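Hi there,

Here is the structure I promised to pass on. Have a look at it first, and my notes follow below.

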Amino acid sequence: METQRDTGVAPELDAELRDILLEQGRDYLQIAAAKFDPVVLSEGVSSAYGAFTNALKIDPTSAAAADGVVEIVRIYEAEA
């Protein structure tokens with residue numbers, strides 16, 4: 001699969017998939033807010049971190065996805 005670096009052309013934004021991933025990430029954050037769980041936050045196959053970083057791969061300008069990653073860091077810091 002060619003990347004933007006290979007072609008110089010930005011890939012088409014899949015806004016629907018990005019929005020699904022953002023919703024998934026927010027759902028995982030809600031679960032983690034009720035009870036700290038590293039698997040839900042970042043260690044599991046499906047996690048808040050995975051959802052937000054995949055959303056950022058689709059749309060690197062997504063403030064919501066970046067904010068989600070920052071929120072994960074804050075939750076970890078609060079647990080430390």
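Leaving aside its neighbours within four places in sequence, which residues is Arg-18 in contact with? Please keep in mind that this is a predicted model. The residues in question are Leu-13, Ala-55, Ile-58, Asp-59 and Ser-62. Arg-18 itself sits in helix α2, which covers residues 15–34. Its relative accessibility is 15%, under the 20% limit, so Arg-18 counts as buried.

Next, the pair of helices α4 and α5. Helix α4 spans residues 48–58 and helix α5 spans residues 63–79; their axes come within 8 Å and cross at roughly 150°. That angle is over 145°, and therefore α4 is roughly antiparallel to α5. The crossing in which α4 passes α5 is left-handed.

Who makes the contact? From α4 come Ala-48, Tyr-49, Phe-52, Thr-53, Ala-55 and Leu-56, and from α5 come Ala-64, Ala-65, Ala-66, Gly-68, Val-69 and Ile-72. By class, the residues of this contact are ten nonpolar and two polar, with no charged ones.

One more detail for you, on Thr-53 in helix α4. With a relative accessibility of 18%, again under 20%, Thr-53 counts as buried too.

Note on methods. Residues are numbered from 1 along each chain as its sequence is written. This is a predicted model: local features need pLDDT of at least 70, side-chain atom pairs count only at pLDDT 80 or more; totals for chains, interfaces and linings use all residues. Side-chain values use heavy atoms; hydrogens and water are left out. Axes are lines fitted to C-alpha atoms, for helices over the stretch in contact, and angles run from 0 to 180 degrees between N-to-C directions. Helices (H or I, at least four residues) and strands (E, at least two) are DSSP runs, numbered from the N terminus. Angles under 35 degrees count as roughly parallel, over 145 as roughly antiparallel, 65 to 115 as roughly perpendicular and the rest as oblique. A crossing is left-handed if the near helix is turned anticlockwise from the far one by less than a right angle, and right-handed if clockwise. Contact means heavy atoms within 4.5 Å. Ala, Val, Leu, Ile, Met, Phe, Trp, Tyr, Cys and Pro count as nonpolar, Asp, Glu, Lys and Arg as charged, and the others, Gly among them, as polar. Buried means under 20% relative accessible area, exposed over 50%, partly exposed in between (1.4 Å probe, protein chains only).
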